[in-house]
Structures are given as structure tokens and as C-alpha cells.
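Please find below my notes on the model. They go from overall dimensions to individual side chains.

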Amino acid sequence: GAAATLAENMRIDSSGNVGIGTTSPSGRLHVKTPSTAVGEAVIFENGNTSAYSTLYMNLKANGVNRAILAGQQDNATSGGTFVIQTADSTGTSQERLRITSAGNVGIGTTSPTNIMQIYGASASANSVLCLDNAANAANTYGTQLLFRNWNSSTAYNMGAINSFRTNSASNYNAAMSFQYSANGTLTEAIRISDNGYVGIGT
């Protein structure tokens with residue numbers, strides 16, 4: 001019969017890099033799908049079918065776990081949970097973020113009951129949530145916490161909390177305002193000025 005046509009599927013180059021789907025691997029393991037491919041490039045599977053079985057990917061430096069990505073089966077028949085852990089100052093892995101099978105995201109909690117739940121357990125005055133704006137050029141620059149509601153494919157503003165600079169000097173005087181929505185248009189209702197005065201409707 002006709003001779004078989006050989007095709008390269010994997011390469012180990014002179015640096016020890018392994019390439020699958022590529023002839024020029026740029027890392028220890030480089031996987032490249034064909035331009036026509038649709039689907040997963042890499043699959044990690046745990047053959048354990050028992051409830052709460054977990055598959056870990058350990059990221060190490062100097063032989064010590066620095067971060068862990070984990071996928072956990074919720075029970076024997078249904079959904080899964082994704083977990084990110086990082087090592088603390090003692091080298092002990094601590095869970096930092098969890099996405100449950102319901103799609104809830106928890107930071108600092110292993111049982112988030114809302115779409116996003118952040119829990120800070122520090123005894124210090126550290127911020128639980130920080131909103132930054134890198135712009136630093138003029139008055140009125142600041143940050144905004146915006147609340148919206150979707151109707152079909154359109155997002156409508158429902159309200160906002162704003163903090164913004166009131167001058168351009170280095171002392172960073174700032175004010176806060178609270179806005180409500182009138183048919184999607186934000187209107188300021190309350191302002192706390194940089195001298196502590198509170199204005200309602202003014």
C-alpha cells in the first residue's frame with residue numbers, strides 16, 4: 001500500500017521546551033490550536049467521581065506553593081466551584097477567591113450568597129473595597145459607584161455615589177454627592193462639600 005504521510009504533532013527543542021501544535025515553543029510547554037480549531041486547548045480531568053473531588057494546579061517557586069488553582073465538584077451529579085489560593089507570609093496556602101456553581105463570587109468568604117460578596121476579616125482599618133481614578137489633572141476628577149438596571153438590551157442608570165476633587169492643589173480637597181435617576185438621567189440630590197457642609201437640592 002501507499003506510504004503513510006507523517007505529520008509533526010509535538011516537538012522538544014534544544015532548550016527542552018515542548019511544543020504541541022507549534023514548531024517554535026516559547027515556554028516549557030507551549031500549546032497552540034490550529035486556526036480552524038474551536039474548543040479547549042488543554043483539558044485537566046480528575047478521574048475521581050466521588051462528591052467534592054478536587055483537581056489542583058499548583059504554581060510553585062523555589063519548591064514552595066505560591067498559588068493554587070482548584071476546581072471542585074459540588075456533589076456526585078451536578079455543578080462545580082473554582083477556587084484561587086495564594087500563599088501567606090508563612091508559606092501557607094489561603095483561599096482568596098471562590099466562584100460557586102451558582103455563579104456567585106466570594107472574596108474573603110467561602111460561601112458567597114450574592115453575585116459579589118467581599119468580606120474583610122482584618123482587625124486594622126484597611127479598606128475592604130477601594131475605587132481608584134488615575135486621572136489627576138483638574139477639578140471634578142474622582143471616582144463613581146454607579147447603579148444600573150437592564151431592560152432587555154438597554155442599561156438604565158438608577159443612581160450613583162460620587163467622590164471628586166474640588167480643587168487642583170496638592171491638598172486634594174474633595175466632596176461627595178449622591179444622585180438619583182429620573183428616567184435614566186442622574187440628578188444630584190445630596191452633596192457633602194469639602195468643608196463638611198451638607199446640601200440637599202442645592
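1. What radius of gyration does the protein have, and what would a compact globule of 202 residues have? The protein has 26 Å, whereas a compact globule of that length would be near 17 Å. The radius is taken over C-alpha atoms, and the globule rule is 2.2 Å times the number of residues to the power 0.38. Along the principal axes, the C-alpha trace spans about 90 × 40 × 40 Å.

2. On sources: this is a predicted model, in which local features need pLDDT of at least 70 and side-chain atom pairs count only at pLDDT 80 or more, while totals for chains, interfaces and linings use all residues. Residues are numbered from 1 along each chain as its sequence is written, and side-chain values use heavy atoms, with hydrogens and water left out.

3. Secondary structure consists of 14 strands and zero helices. These elements are DSSP runs numbered from the N terminus (helices: H or I, at least four residues; strands: E, at least two).

4. Buried residues account for 14% of the 202 residues; buried means under 20% relative accessible area, exposed over 50%, and partly exposed in between, with a 1.4 Å probe and protein chains only. The protein exposes about 14600 Å², and carbon and sulfur atoms supply 52% of that area. Accessible areas come from the Shrake-Rupley method with a 1.4 Å probe; for residues, only the protein chains shown count as cover. Of the contacts between residues at least 6 apart in sequence, 10% join residues at least 24 apart; contact means heavy atoms within 4.5 Å.

5. An open sheet of three strands has the order S1-S2-S3 and mixed pairing. Strands S1 (10-12) and S3 (29-31) stand at the edges with a single partner strand each, so one side of each has no neighbour in the sheet. From one strand to the next the twist averages 10°; axes are lines fitted to C-alpha atoms, for helices over the stretch in contact, and angles run from 0 to 180 degrees between N-to-C directions. S2 (residues 18-20) and S3 run parallel and are joined by three bridges, with Val18 opposite Leu29 in S3. Two strands pair if DSSP finds at least two bridges between them.

6. Strand S12 (residues 174-182) contains Ser177. S12 and S13 make a hairpin with two residues between them, and Asn183 in the turn has a positive phi of about 55°.

7. Is Ser177 buried or exposed? Ser177 counts as buried because its relative accessibility is 2%. Its bridge partner in S13 is Arg191. Beyond neighbours within four places in sequence, the contacts of Ser177 include Ala160, Asn162, Phe164, Glu188 and Arg191.

8. The whole structure has three salt bridges, each a side-chain nitrogen of Lys or Arg within 4 Å of a carboxyl oxygen of Asp or Glu. Glu188 and Arg191 form one of them, at 2.9 Å from N to O. Glu188 is partly exposed at 28% relative accessibility, and Arg191 is partly exposed at 32%.

9. Arg11 bridges to Glu8, with the closest N and O atoms 2.9 Å apart. Arg11 is partly exposed at 34%, as is Glu8 at 44%. In the pair Arg98 and Glu95 the closest N and O atoms are 2.8 Å apart; Arg98 counts as buried at 15%, whereas Glu95 is partly exposed at 24%.
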